[in-house]
Amino acid sequence: MNKANSQRKKEQLHITLNRAAEVEGVATGLDNYWFVHQALPEIDLASIDLSISIFGKTLSAPLLISSMVGGIEAATDINRNLARAAQAVGLAMGVGSQRCGIDDPGLASTYQVRDVAPDILLFANLGAVQLNYGYSVVECRQALEMIDADGLILHLNPLQEALQNEGNTDFSELLSKIEKVCHELTVPVMVKEVGCGISEAVARKLTEAGVAGIDVAGAGGTIWSEVERHRARTDRENNIAATFASWGIPTADSIQMARRGAPELLLIASGGIRTGLDVAKAIALGADAAGIAAPLLKGASISVEEVIATLQEVIEGLKISMFCIGASNLIELKGSPYLRKESRD
Ligand SMILES: Cc1cc2nc3c(=O)[nH]c(=O)nc-3n(C[C@H](O)[C@H](O)[C@H](O)COP(=O)(O)O)c2cc1C
């Protein structure tokens, strides 16, 4: 594998595990919303149904463990703990960008989790921009086969690439290449950002290109400009990365924009989703499910039990949020009339 690529992965993992990659001042916007409490919910908490069917597989709750790692030795245990937790709880998962595993097949095992998670909805992952750097549907198929995935996630990360010394910044005519991949693969193709959000116009273009789903990965959670700032070698690199600390569409806004641009598509809300209440608000704003990345990373580097505990906390919070507004399933939550933005004063 390209040595610079491997070093970059190690540094990014170290920074997200050990230093704050979230910045004061950029919020998801979800805190601006609140649910009108229903003291008479008229439902039984124990009978709330969180299940959802996505691409033919049933999840016990509307949660995706978002794409993170792979391609370095430390990723093996992290991916396997995340996958074991997804299998135990009944959730979906994506692995990190598989470019390293394609360029060096010896690293494929750092992504492989099917043996410990035979039933989960599992997504392969590649940077869409690689379609401008020699990749085609052939590498997309390789990524899918490498991990026996159910679908492919292509990530869009123009800011991240622009802030990297070694970044791939030719994003010209990418949409037509995404469209070709969607048409040539027989499995669903989703597109996600990595922390800057998806606008209405982009959601519309992606819909026309034939993607099966969109994950907004909006601003308010992990911020790649901060990760890149911590990697900066010079004042110049540091200053440019700092300029973009508050860039991006807040997750709450991006959910609504993407929903307007893609009224019928599967919509995942991610970027700063930290609690079950965040998930409930995201769904009431128009998402179908939510994704969580960074908060699961530390636990996954320790044990599967740590990951399960974090996920169960989120699920419990989601259930209680639904209970207190009388929503007995996700369809009722999505159509809930009780989400408010205006002041509570
Ligand atoms: C360590 C780390 C590595 C990541 N690597 C990828 C990646 O390879 N591909 C991708 O699509 N997103 C990647 N992401 C972005 C996440 O999937 C997610 O969109 C983003 O972190 C926002 O979610 P969060 O606020 O819950 O962390 C990564 C995130 C983290 C923390």
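How many aromatic pairs does the structure hold? The structure holds two aromatic pairs, where rings of Phe, Tyr and Trp (its six-membered ring) pair if their centres lie within 6.5 Å. This is a predicted model, in which local features need pLDDT of at least 70 and side-chain atom pairs count only at pLDDT 80 or more, while totals for chains, interfaces and linings use all residues. Residues are numbered from 1 along each chain as its sequence is written, and side-chain values use heavy atoms, with hydrogens and water left out.

**Aromatic pairs**

- The ring centres of Phe55 and Phe123 are 6.2 Å apart and the planes stand at 75 degrees, so this pair is edge-to-face (planes under 30 degrees apart count as stacked, over 60 as edge-to-face and the rest as tilted).
- Phe55 lies in the loop between strand 2 (52-54) and strand 3 (57-59), and Phe123 in strand 6 (residues 122-127), so the pair ties together parts that are 68 residues apart in sequence.
- Phe55 is partly exposed, at a relative accessible area of 32%, whereas Phe123 is buried, at 2% (buried means under 20% relative accessible area, exposed over 50%, partly exposed in between, with a 1.4 Å probe and protein chains only).
- The rings of Phe244 and Trp247 have centres 5.5 Å apart and planes at 65 degrees, so this pair is also edge-to-face.
- Phe244 is partly exposed, with a relative accessible area of 24%, and Trp247 counts as exposed at 52% relative accessibility.

**Helix 2 and helix 13**

- The axes of helix 2 (residues 73-89) and helix 13 (residues 304-323) come within 8 Å and cross at roughly 45 degrees; helices (H or I, at least four residues) and strands (E, at least two) are DSSP runs, numbered from the N terminus.
- The two helices, helix 2 and helix 13, are therefore oblique to each other (angles under 35 degrees count as roughly parallel, over 145 as roughly antiparallel, 65 to 115 as roughly perpendicular and the rest as oblique).
- From helix 2, Asn81, Leu82, Arg84, Ala85, Ala88 and Val89 meet Val304, Val307, Ile308, Leu311 and Ile315 of helix 13 (contact means heavy atoms within 4.5 Å).

**Helix 4**

- In helix 4 (residues 137-147), the buried residues are Val137, Glu139, Cys140, Ala143, Leu144, Met146 and Ile147.
- The cover over these buried residues includes helix 3 (99-103), strand 6, strand 7 (151-155) and helix 6 (174-184).

Methods
Axes fitted to C-alpha atoms, helices over the stretch in contact; angles between N-to-C directions.
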